[in-house]
Amino acid sequence: MTTPVVNLYMVGFMGTGKTTVGRAIAYRLGAKLIDVDAAIEREQGKPVSKIFEEDGEPVFRKLERDFIESGHPARGCIVACGGGLVVQPGMLELLDSRGVVICLHASLETVLKRTRHSKSRPLLNVDDPLARMREIYSVREPIYRKAGTLLLTDNRSLPDVIAHAMRVYKREAADFLRTHRHAEPPATNPAAPDDRAG
């Protein structure tokens, strides 16, 4: 299949399936999947948890912004964004200017089940992860609700979520091209397969 012109940015809270759904869409479209956290880890030579611990969250947020502004191709990519990326001032507008944005949503109970064994989520390294999730989500929810098309993932099969996201992407990519035709980027190298481990 021809590599899509318009980038797709998967946003939403941690554990909502951004990388999983993004990988499936990338496979179906013949596009490259880029996981922002994984790309930053490779660039910095250490995991996100270490960046938070050693450099602080503001440094990590700047790395995210730099990556969205200039660290990835302007076309042909499915980009799985970290949960806090879109919350930064101006980031949603930046994503909207670069492609289609889809926001995945799940209940906090579902998110906790999906993330409870993860050691790579520095914001949850606390005694009461669910209380911490509620605190973080209460701040982020209004922004998530404005971030592109919202897709609910609770009590839905993965194939159903992927099919829904594909339909949204195809419709909104066509709209994006109509409204951004003057800004369509030049062709880049063919998309490479996702090289993220695991």
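## A tour from sheet to surface

From the N terminus on, the elements of this protein run β-α-β-α-α-α-β-α-β-α-α-β-α. That makes 8 helices and 5 strands; helices (H or I, at least four residues) and strands (E, at least two) are DSSP runs, numbered from the N terminus. The model is predicted, so local features need pLDDT of at least 70 and side-chain atom pairs count only at pLDDT 80 or more, while totals for chains, interfaces and linings use all residues. Residues are numbered from 1 along each chain as its sequence is written, and side-chain values use heavy atoms, with hydrogens and water left out.

**Stop 1: the sheet.** Select the 5 strands. They form an open sheet in the order S2-S3-S1-S4-S5, with parallel pairing; two strands pair if DSSP finds at least two bridges between them. Which strands are at the edges? Strand S2 (32-35) and S5 are, since each pairs on one side only. Neighbouring strands of this sheet are turned by 25° against each other on average, direction ignored. The axes behind that angle are lines fitted to C-alpha atoms, for helices over the stretch in contact, and angles run from 0 to 180 degrees between N-to-C directions.

Now show S2 together with strand S3 (residues 77-80): this parallel pair has 4 bridges. Isoleucine 34 has valine 79, in S3, as its bridge partner.

**Stop 2: the cores.** Select Val11, Phe13, Val36, Ile68 and Leu95. These residues have the most contacts inside the largest nonpolar core, which has 35 residues. A nonpolar core is a set of buried Ala, Val, Leu, Ile, Met, Phe, Trp, Tyr and Cys residues joined through side-chain atoms within 4.5 Å. Buried means under 20% relative accessible area, exposed over 50%, and partly exposed in between (1.4 Å probe, protein chains only). Helix H7 (residues 129-144) gives the largest share of this core, 5 residues. A second, separate core has 24 residues, including Val6, Ile78, Leu151 and Ala165.

Go back to valine 36. Which residues does valine 36 contact, leaving aside neighbours within four places in sequence? They are Phe67, Ile68, Val79, Ala80, Cys81 and Leu85; contact means heavy atoms within 4.5 Å.

**Stop 3: a loop residue.** Select threonine 153, in the loop between strand S5 (149-152) and helix H8 (158-179). Is threonine 153 buried or exposed? Threonine 153 counts as buried because its relative accessibility is 4%. Not counting residues up to four places away in sequence, threonine 153 touches Thr16, Leu104, His105, Ala106, Arg114 and Val161.

**Stop 4: the salt bridges.** Side chains of opposite charge can pair when their charged atoms come close. A salt bridge is a side-chain nitrogen of Lys or Arg within 4 Å of a carboxyl oxygen of Asp or Glu, and the count by this rule is 13.

Select lysine 46 and aspartate 55, whose side chains form one of these at 3.0 Å, N to O. Aspartate 55 is partly exposed, at 35% relative accessibility.

Next, select glutamate 69 and arginine 65. The closest N and O atoms of their salt bridge are 3.8 Å apart. Both residues lie in helix H4 (residues 57-70), 4 residues apart, about one turn of the helix. Glutamate 69 is partly exposed at 40% relative accessibility, and arginine 65 is partly exposed at 22%.

**Last view.** Show the whole protein: of its 198 residues, 45% count as buried.
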